[in-house]
Amino acid sequence: MDQRPYATMVTNFDSTEQKRSWERLLQKAQSQEDEQSSAQNISSATIPSIEELWLKNINTRTCESLLNAHTSFATHFAGIIRTAYLYCPQIMLSDAEVCDGLFFLALGPNTVNSLLGKSYKDGPSIIISGRCDSFEECLCFVKLL
């Protein structure tokens with residue numbers, strides 16, 4: 001009997017692990033920025049910290065600028081999520097991994113779908129598992145705590 005897995009659970013999408021990965025990528029990006037500026041004899045630009053990612057100036061969010069300037073963030077995440085998707089087209093995540101995970105917050109659902117080669121018309125590939133019956137109830141449950 002051929003049994004395919006219902007869903008795959010990716011352990012390095014844990015929100016704490018996402019933060020650690022993001023911090024490693026921030027350090028690497030800052031090092032690259034410092035090397036380029038010293039080679040060109042100009043002052044180095046400071047890569048924004050995690051706390052500064054959600055700030056917005058007139059036109060753009062800091063996070064969007066960082067993702068556009070340093071594609072290694074999206075590439076790192078894409079490698080993990082695409083590998084999981086190749087293993088099984090249903091990826092199971094907890095509500096905390098989605099709501100607290102830096103990569104999901106930074107990239108958003110449209111980018112995640114496009115990384116998987118899916119559109120909004122396709123069925124969901126990410127299944128959210130939580131303490132309640134629906135994602136909405138999980139969010140309300142968190143508010144009550």
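**Salt bridges**

Mentor: Let's start with a pair of side chains: Glu17 and Arg24 form a salt bridge, 3.5 Å from N to O. A salt bridge here is a side-chain nitrogen of Lys or Arg within 4 Å of a carboxyl oxygen of Asp or Glu. This is a predicted model, where local features need pLDDT of at least 70, side-chain atom pairs count only at pLDDT 80 or more, and totals for chains, interfaces and linings use all residues. Residues are numbered from 1 along each chain as its sequence is written, and side-chain values use heavy atoms, leaving out hydrogens and water.

Trainee: Okay! Which residues are linked in a network of salt bridges?

Mentor: Glu17, Arg20 and Arg24. The Glu17 to Arg20 bridge is 3.2 Å, N to O.

Trainee: And how many salt bridges does the count come to?

Mentor: Three. Arg131 and Asp95 also pair up, at 3.7 Å, N to O. Arg131 sits in the loop between β3 (126-129) and α6 (135-144) and Asp95 in helix α4 (residues 95-99), so they tie together parts 36 residues apart in sequence. Helices (H or I, at least four residues) and strands (E, at least two) are DSSP runs, numbered from the N terminus.

Trainee: Is Asp95 buried or exposed?

Mentor: Buried, with a relative accessible area of 10%, while Arg131 is exposed at 55%. Buried means under 20% relative accessible area, exposed over 50%, partly exposed in between (1.4 Å probe, protein chains only).

Trainee: New topic: how many helices and strands are in the chain?

Mentor: Six helices and three strands.
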